[in-house]
Amino acid sequence: MFKFILTEVRGPVGIITLNRPEILNAWNAAMRDELVVAFDQFENQDGVRAIILTGAGDRAFGAGQDLNETKTFDADRAEEWVAEWERLYHRMRTLSKPLIIALNGVAAGSAFQVALLGDFRIGHAGVRMGQPEINSGIASTTGPWIMKEMIGLARTMDLTLSGRLMDAEESHRIGLINRIVPQDRVMAESLALAEELAAKPPVAMRLDKQRFREMTEAGFRDALAAGVRIQREAYASGEPARMMEEFLAKRAAKRA
């Protein structure tokens, strides 16, 4: 049914795997659409009581946006792009079931943001996380919102403006990774936690998650409105397209 993701059910746990390992599970519009459908399916499946989101391969949970898609955007397409993220992020935020992110490598840019929208994150010592969008000419709007909610303004400014990636130890120290386990234990530990959470009272789980969403909704909506305004201005300037072409050229040269 899906082209860019995989889904399976193990007992009370639904598992979604981002499945573009050849480009480090980078997003495109079709993958985002498929994720919304998969989350809908597991949300409406009574036997599924918890969800795990992970990435295929052992190099990345997700490298963020597929720049081959966004380098072609104009201001109008950039506004549509913000709406695509709104659909995915809203779907994740309105899940009534706990969501665990199994980090099997890099989580960068929008993949970092998606990881932070989970309820728990389990990773290994090789995981790196951060918001490098500025390095490819992408202005950040939803990223600073979710980071500020979790780690405060000073660290948010550091990560957004420097574009650096944190190692697993730093991410764990500031509370963004809940548990660090051996790499070959990430999925097993995620499944064990998912099964533990799946056994919790479902009404209380739904209401607790609903309240967390209510507490952060105003900031989420502000970030989306800012995203439309800021991305239209950014893409109208032509800078993102130029920077992405340079970024892709440098990456291709390193591989040659």
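1. Trp85 is buried, with a relative accessible area of 7%; buried means under 20% relative accessible area, exposed over 50%, and partly exposed in between, with a 1.4 Å probe and protein chains only. The charged end of Arg32 is placed over the ring of this Trp85, 4.7 Å from its centre. The criterion for a charge over a ring is NZ of Lys or CZ of Arg within 6 Å of the ring centre and within 35 degrees of the ring normal. Arg93 meets it over the face of Phe220, also at 4.7 Å from the ring centre.

2. On the basis of the values: this is a predicted model, in which local features need pLDDT of at least 70 and side-chain atom pairs count only at pLDDT 80 or more, while totals for chains, interfaces and linings use all residues. Residues are numbered from 1 along each chain as its sequence is written, and side-chain values use heavy atoms, with hydrogens and water left out.

3. Aromatic pairs. A pair of aromatic rings is described by the distance of the centres and the angle of the planes. Here, rings of Phe, Tyr and Trp (its six-membered ring) pair if their centres lie within 6.5 Å, and planes under 30 degrees apart count as stacked, over 60 as edge-to-face and the rest as tilted. The count by this rule is six aromatic pairs. One of them is Trp81 with Tyr235, edge-to-face, at 6.1 Å centre to centre and 75° between the planes. Because Trp81 lies in helix α3 and Tyr235 in helix α9 (residues 202-237), this pair ties together parts that are 154 residues apart in sequence. Helices (H or I, at least four residues) and strands (E, at least two) are DSSP runs, numbered from the N terminus. Trp81 counts as buried at 5% relative accessibility, and Tyr235 is buried at 6%.

4. A pair within one helix. Trp85 and Tyr89 form a tilted aromatic pair, 5.4 Å centre to centre with 55° between the planes. The two residues are four apart in helix α3, so about one helical turn separates them. Tyr89 is buried, with a relative accessible area of 1%. Together with Trp27, Trp85 and Tyr89 make up one aromatic cluster.

5. Nonpolar cores. In soluble globular proteins, nonpolar side chains tend to be buried together. A nonpolar core is taken as a set of buried Ala, Val, Leu, Ile, Met, Phe, Trp, Tyr and Cys residues joined through side-chain atoms within 4.5 Å. The largest has 56 residues, and Phe39, Leu53, Phe61 and Met129 have the most contacts inside it. Helix α3 (residues 75-93) gives the most to this core, with seven residues. A second, separate core of 15 residues includes Ile52, Ile100, Val186 and Ala198.

6. Leu53. Contact means heavy atoms within 4.5 Å. Not counting residues up to four places away in sequence, Leu53 touches several residues, including Ile16, Leu18, Phe39, Phe61, Ile101 and Val114.

7. Strand pairing. Two strands pair if DSSP finds at least two bridges between them. β5 (residues 99-102) and β7 (residues 120-123) are parallel, with three bridges, and Ile101 stands opposite Arg121 in β7. β7 is also joined by two bridges to strand β10 (residues 179-180), again in the parallel sense. In that pairing Gly123 stands opposite Ile180 in β10.

8. Backbone at Leu24 and Asn25. Leu24 has a positive phi of about 60° although it is not a glycine. Asn25, likewise not a glycine, has a positive phi near 60°. Leu24 lies in the loop between β2 (13-18) and α1 (29-43), and Asn25 is in the loop between β2 and α1. Leu24 counts as partly exposed at 23% relative accessibility, whereas Asn25 is buried at 0%.

9. Surroundings of Asn25. The Asn25 side chain reaches the backbone oxygen of Phe61 at 3.5 Å. Leaving out residues up to four places away in sequence, Asn25 touches, among others, Leu18, Arg20, Met31, Gly55, Phe61 and Ala63.

10. Met150. This residue is in helix α5 (residues 142-151) and is partly exposed, with a relative accessible area of 32%. Leaving aside neighbours within four places in sequence, Met150 is in contact with Leu116, Arg121 and Leu176. Met150 and Glu170 are 20 residues apart in sequence and 14 Å apart in space, C-alpha to C-alpha.

Technical notes:
Polar contact = N/O pair within 3.5 Å; in protein donor to acceptor, adjacent residues only side chain to side chain.
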